[in-house]
Amino acid sequence: MGDLKSLIARWRAEPTIGGNVTSWQEQPAILGSYADLPANIEPRLAQAFAQLGYKQLYSHQRQSWDLLSEGKNVAVVAGTASGKTLCYNLPVLDSLLKCAQGRALYLFPTKALANDQSNSLNAWLSAIGSGPELVAAVYDGDTPASSRTTIRSKARIILSNPDMLHIGVLPYHTRWAEFFANLRYVVLDEMHIYRGVFGSHQANVLRRLQRLCGFYGSYPQFIFASATISNAKQLAEKLIEQSVELVEKDGAPHGSRTFLVYNPPVVNKDLGIRASVLQESVQLASEILTQDVQTIVFGRTRRMIELMLTNLRAAADQTAEQIRGYRSGYLKGERREIEKGLRSGEVRAVVATTALELGVDIGGLDAAVLAGYPGTIAGTRQQAGRAGRSDKHALVVMLMQSNPLEQFLARHPEYFLRGNPEQALINPNNLLILLAHIRCAAFELPFKEGDTFGSVDGEQVKDFLEVLVGQGQIHQSGGKYFWMSEKYPALEVSLRGTGAGSVILQSHEDGEWKLIGDVDPVGAHSLVHPEAIYIHEGRTYFVDELNLEESIARMHPVEVDYYTVPVHKVTIELVEKKDDAAITGGLKQFGQLLISDQVHRYERVHWTSNEAPGGADLDLPPITLNTFGYWFSIDQKTTDLLRERGLWRNDPNDYGENWLQQKLLVRARDQYRCQNCGAAEDGRVHDVHHRTPFRTFRTYREANQLENLITLCPACHRQAETVVKVRSGLAGLSFVLSHLAPLFIMCDPHNIGVSSDPKSDLAEGEPAIVIYDNVPDGIGLSQRLYEIHDELMLRAHEIVAACECADGCPACVGPGGEQGESSKKETLALLELLAQKGSTL
């Protein structure tokens, strides 16, 4: 291997590279903390331990063993390559070797990870020499039908995923009677993945699993393994509604590592546009490869991966076989070949999507380049953890894009290097999700009067069952509730949406339609509206049609250099206020809301520059959403202060006493036709538009001069308003918060909605910003933001104040338009009055 440290020293001295590094973190090597094997371990397992090259346990592995030996549930939280797998493999194998009837269920979030762990587990079984006495097998959607009966009867360790458990195992539990009756352990790897809607569903799947285990007379222990999050114990306990012991002191050794945060140089200061993350990543990776350092480069999408792969092969002095890509769409054999090449060292670089973020075994690499923030701190640490898996010095470079969140992290790398503000939030009792799984549970096993469902008490369960009786899906007889419908309920419940019913995603490829996934009906309007660019496992698709009546979105694969952003028209009504508290400059409140949300337009945004080259109007019906949200209002004193300084643009325009007369004169002058497209007035009066924005004039008479006015049809007027848009401080703050909030609640950006209103009904006519769960009945996201309001304001202020742009850009408050003004000054002034100078975290 080449000298990484000399390369890092050269970068530090080179202004075109070192000048763009906002953080140089030297992380020292960490010595391991070791422990002996337990004295009571099964002898064959102890021999296999030595045969596979192990000498001692790490301290966290021994701690896990001891806690499990006491009959406790355990959650292990440790870094990448810390041996978390051994925390569950050893106790499970020991138990099953000592008890000939014992069974174990391993759940992984992806099929690829289950297959990888199957290989590791079978290496142990081979070393043990257990033969037919102890068999492990993968059971998922790819398992041939001809093998399933044998696996159910012979395999004592089943490796699967939540979707297969939900659809293919629990509804057929009678075929698994012996397995459930003897189930000793349930393992959930990558626990941090189970958050938001998916995690809320998973908690209910586990309720159904435990209900069936109780029916068959077993009470398994649960073992969780997770990347670092701030509420791991709470998440594990909420998933299974039992007490869980946390093991979080990592005893594994780690080599020294340099972690660089690289902010590409600004190429247009006025617009805040930075150099392409893609090209900068390729440049840095190619320099690393000149040192013969084995490297992994992470990108976000399939197209990004292919572009970086092509450019890196051209830039580096390596053969095509030495630099490989790794993403969805590659054949299984190809992926195994690449993984083997990485472990052997024959492959010197791999350009990958998040498919290699999770625990697939690729051996120890020496450098990792992250082309953009992965979306969560846990994901960042997992990608970075791919470098430094040995006693050698390692290098990690994370490049930042031009959006408020990544620019904030560029200036505050301590957020992902030291602390962790992220919480994985779930709400298993979301009414729609809960009702969907009670339907599934009733199909699996009749409910009796007084039965609970997890922590849901008997009275509440009865209420749900009565609803299903009324719908004709359940029949009540003799104190029991029996499933009567011909429908198979689990098939109608997607673990990634809310309630029953999903929009099916079909892609037209090679002359036929292929199923690529599904989305919930609420998310469909934002994610797969007509002409949307939909991204699935790193691959991009163009949506040709969204048929809401048939619940199908049809699309085809494309290679484009942009993505789409939906534009929402939102109205909000208060259902019930739950809490409120005074804040600096106003009042914050939390409660139940009724949201009417219509996606009426979309915008295209370039991947590399964040420029928006345009979009189109949409004709979709509004969605009504009963959910929870938090909102904060800005009081009269604050707005008066801003108004006195000329920094409040949220007041409605008073176009003056001559406005109506001027409108009539302009329309007559323009012969009642749109001066852009030529359309005549037809049942609706055309609009009159100010060529130069009204707010930029001192008096209304100057603004309303005939030469500054033009007749436009509604469609052309909307387009013109976008071009000459004058953003307000309220809109600028909304833009910042919509990007920043996901940092604290570990969610996808589309899981929350943000809306601003200069005269909000929620705030008795005062200006307000509303942040709500974009999920029916909510999952606790906005409640957490309500709790950390002061921290949000402080961090938002830092983002806007530190941005180098002249007057708003994609990295802070958003651009104002081609000819318009942005809101940077107004947003900054507003935040100076709202931000607290302390942290609540």
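This is a predicted model: local features need pLDDT of at least 70, side-chain atom pairs count only at pLDDT 80 or more; totals for chains, interfaces and linings use all residues.
**Helix H22**

I started with helix H22, which spans residues 659–669. I looked up its buried residues and found Trp-659, Gln-662, Val-666 and Arg-667. They lie on the same side of H22, because they cover an arc of only 130° around the axis. Next I asked what covers these buried residues: the cover includes strand E31 (687–690) and strand E32 (709–712). I then turned to the face pointing away from the buried side, and there I noted the exposed residues Leu-660 and Leu-664. Past the helix I checked Gln-671, which follows H22 and has a positive phi, near 60°.

**Salt bridges**

Lys-577 pairs with Asp-580, and their closest N and O atoms are 2.7 Å apart. Lys-577 is partly exposed at 39% relative accessible area, and Asp-580 is partly exposed at 34%.

Glu-42 pairs with Arg-44, with 3.3 Å between the closest N and O atoms. I have Glu-42 down as buried, at 11% relative accessibility, while Arg-44 is partly exposed at 27%. I also followed the shared partners here: salt bridges join Glu-42, Arg-44 and Glu-133 into one network.

My last pair was Arg-324 with Glu-321, whose closest N and O atoms are 3.4 Å apart. How accessible is Arg-324, buried or exposed? I found a relative accessible area of 11%, so Arg-324 is buried.

Notes
Residues are numbered from 1 along each chain as its sequence is written. Side-chain values use heavy atoms; hydrogens and water are left out. Buried means under 20% relative accessible area, exposed over 50%, partly exposed in between (1.4 Å probe, protein chains only). Helices (H or I, at least four residues) and strands (E, at least two) are DSSP runs, numbered from the N terminus. The arc is that of the directions from the helix axis to the C-beta atoms. Contact means heavy atoms within 4.5 Å. A salt bridge is a side-chain nitrogen of Lys or Arg within 4 Å of a carboxyl oxygen of Asp or Glu.
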